[in-house]
Amino acid sequence: MIQAIVYTSNTSSTEQYARLLGQETGLPVCALTEAKKALNSGTQILYLGWVMAGSIQGYADAARLFQIPMVCAVGMEPDAKQQELREKNGIPQDAALFALQGGYSPDRLHGLQKLMMRMFTGSMVKKLAAKADRTPGEDDLLDLMQHGGSRVSPEKLTVPLKWCREHLGGARHE
Ligand SMILES: Cc1cc2nc3c(=O)[nH]c(=O)nc-3n(C[C@H](O)[C@H](O)[C@H](O)COP(=O)(O)O)c2cc1C
């Protein structure tokens, strides 16, 4: 039985999604650092982690300790490629994987992370700005990279929530 929602977040968007999912499902929510102390190994959890250079932060650690039938990867892109994320992070085929758009908070980044993102967004902004036939998703990504901001919204959890309803036996965990 799924017992908790566990997350790893750097600038809070993943935490916000975890808490929204917790409100909707009634499952307790905690950060991976707390879960390592509070939950027995082998406990079934839902895992949410932020994406850094394609790697879902904390997932490998969490997967060593817990059973994870569903993962949410929170990144900046609106249409992240799920198969790439699955392969790069070694997520088994029988686990559900959802990619959620978080945001970009340049003011909250420091050191190497700030530098990496400055380089990454710099080249992406140039590429996207020069593209004539941008999709609405690419327009929004361009705006996000130029100005920062949050794209966290409850609507983006519709599909993961449907999965939860199908796998939590219909009853809210209170
Ligand atoms: C160093 C660094 C690398 C990142 N790499 C990616 C990436 O590969 N793909 C992506 O979609 N987002 C990437 N992002 C954006 C974050 O995943 C995004 O801002 C996310 O919302 C952060 O979640 P958080 O607020 O919970 O920390 C990166 C951010 C940083 C700081």
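A polar contact is a pair of N or O atoms within 3.5 Å, where, within protein, one atom must be able to donate a hydrogen and the other to accept it, and where residues adjacent in sequence count only if both atoms are side-chain atoms. The structure above is a predicted model, in which local features need pLDDT of at least 70 and side-chain atom pairs count only at pLDDT 80 or more, while totals for chains, interfaces and linings use all residues. Residues are numbered from 1 along each chain as its sequence is written, and side-chain values use heavy atoms, with hydrogens and water left out.

The chain is divided into domain 1 (2-104 + 150-167) and domain 2 (106-147), with bounds that come from an automatic or database domain assignment. Their C-alpha centres lie 24 Å apart, and the contact between them (heavy atoms within 4.5 Å) takes 13 residues from domain 1 and 14 residues from domain 2.

The size of an interface is often given as the accessible area lost when the parts come together. Here domain 1 and domain 2 bury about 1,300 Å² between them, with 66% of it on carbon and sulfur atoms; this buried area is the accessible area (1.4 Å probe) that the two parts lose on being put together, summed over both. Of the area that domain 1 buries against domain 2, Met76, Tyr104 and Arg151 supply 55%, more than any other three residues.

Across this interface the rule finds two salt bridges, a salt bridge being a side-chain nitrogen of Lys or Arg within 4 Å of a carboxyl oxygen of Asp or Glu. Arg151 also forms a salt bridge with Asp143, and the closest N and O atoms of that pair are 3.2 Å apart. Five residue pairs in polar contact, both residues at pLDDT 80 or more, are found across the interface of domain 1 and domain 2 as well.

Two alanines can now be set side by side. Ala95 lies in the loop between helix 4 (82-89) and strand 6 (96-101), where helices (H or I, at least four residues) and strands (E, at least two) are DSSP runs numbered from the N terminus. Ala95 counts as buried because its relative accessibility is 5%, whereas Ala53 counts as exposed because its relative accessibility is 57%; buried means under 20% relative accessible area, exposed over 50%, and partly exposed in between (1.4 Å probe, protein chains only). Leaving aside neighbours within four places in sequence, Ala95 is in contact with Ile68, Pro69 and Arg86.
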